[in-house]
Amino acid sequence: MSTVKFEFTKEQAEDLNQARAEFHHAYGVAMAQWGGVERGLYLWFVHATQMKEKVARAVLYSARSFNARAEMLQAVIDQAAHLAPERLDFIQKALGRAWGYSSFRNRMAHGEPMMNILDIRGQPRKVSWAIAQGKARDGSTDISIEDLETAHRNFY
């Protein structure tokens, strides 16, 4: 097996560390914002069911997946005649958006952070990070820092 060896100057190593830090920051912020989406679903579940918070938490989080929790909230929305129609409409639209983002969140959470080095003779070496997907390692489904930043804005 051949080994690829990259030699970095001190400045390039600092750039490498900076790129890694920026990636992990963007990843962390996006994941934290997704946590806020899930917390919102929980609060709407409490509001719509009128359960005590402790009971609502036990019920909603007994489902291990986002889809199962979202389906529980959907079932409650469908039966929550005590809520104003505009409130139900808001919750329904927000739930729809969250469902739309859930596949991206899964790719983000279950992908593999990977460093990419672009080394073209005569040009400065470029280092970037992305979340690669195990099934399709052709780069077409990679999640870039820009994608993570967009996600955290959308999740907010």
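This is a predicted model: local features need pLDDT of at least 70, side-chain atom pairs count only at pLDDT 80 or more; totals for chains, interfaces and linings use all residues.
Let's start with Asp142, which sits in the loop between β2 and β3 (143-144). Residues are numbered from 1 along each chain as its sequence is written, and side-chain values use heavy atoms, with hydrogens and water left out.

So, is Asp142 buried or exposed? At 18% relative accessibility, Asp142 counts as buried. Buried means under 20% relative accessible area, exposed means over 50%, and partly exposed is in between, using a 1.4 Å probe and protein chains only. What does Asp142 touch, leaving aside neighbours within four places in sequence? Asp142 is in contact with Arg107, Ala130, Ile131, Ala132, Gln133, Arg137 and Asp147. Contact means heavy atoms within 4.5 Å. For a sense of distance, take Ala13: the C-alpha atoms of Asp142 and Ala13 are separated by 23 Å, and the two residues are 129 apart along the chain.

Now to the core. A nonpolar core is a set of buried Ala, Val, Leu, Ile, Met, Phe, Trp, Tyr and Cys residues joined through side-chain atoms within 4.5 Å. How many residues are in the largest one? It has 34 residues, and those with the most contacts inside it are Leu73, Met108, Leu148 and Phe155. The elements that give two or more residues to this core are α1, α2 (53-60), α3, α4, β2 (126-132) and α5. Helix α1 supplies the largest share, 11 residues. Take a look at Met108 on your screen: not counting residues up to four places away in sequence, Met108 touches Tyr27, Ala30, Met31, Ile131, Ile143, Leu148 and Phe155.

Next, the charged pairs. Side chains of opposite charge can pair when their charged atoms come close. We call it a salt bridge when a side-chain nitrogen of Lys or Arg is within 4 Å of a carboxyl oxygen of Asp or Glu. The structure holds two salt bridges.

One of them joins Glu38 and Arg69, with the closest N and O atoms 2.7 Å apart. Because Glu38 lies in helix α1 and Arg69 in helix α3 (residues 66-79), this pair ties together parts that are 31 residues apart in sequence. Glu38 is buried, with a relative accessible area of 14%, and Arg69 is buried too, at 14%. Besides Arg69, and leaving aside neighbours within four places in sequence, Glu38 is in contact with Tyr61 and Phe66.

Lys93 and Asp89 also form a salt bridge, with 3.2 Å between the closest N and O atoms. How far apart are Lys93 and Asp89 in helix α4? They are four residues apart, so about one helical turn separates them. Lys93 is exposed at 55% relative accessible area, while Asp89 is partly exposed at 39%.

Helix α4 also holds Ser102. At 9% relative accessibility, Ser102 is buried. Leaving aside neighbours within four places in sequence, Ser102 is in contact with Trp34, Phe66 and Asn67.

Let's turn to the largest pocket. On a 1 Å grid over the protein atoms alone, a pocket is an open set of points where a 1.4 Å probe fits, with protein on both sides within 12 Å along at least five of seven lines, and lining residues have an atom within 4 Å of a point. The largest pocket has a volume of about 330 Å³, a volume being the space filled by probe spheres set on the points, which are joined across faces, edges and corners. Of its 16 lining residues, the closest to its centre are Val37, Trp44, Asn154, Phe155 and Tyr156. The elements giving two or more residues to the lining are α1 (10-49), α4 (85-110) and α5 (145-155). Which element gives the most? That is α1, with eight residues.

To finish, two more spots. Gln50 lies in the loop between α1 and α2, and Gln50 is exposed at 58%. Its phi is near 65°, a positive value in a residue other than glycine. In helix α1 we find Val29, which is partly exposed at 24% relative accessibility.
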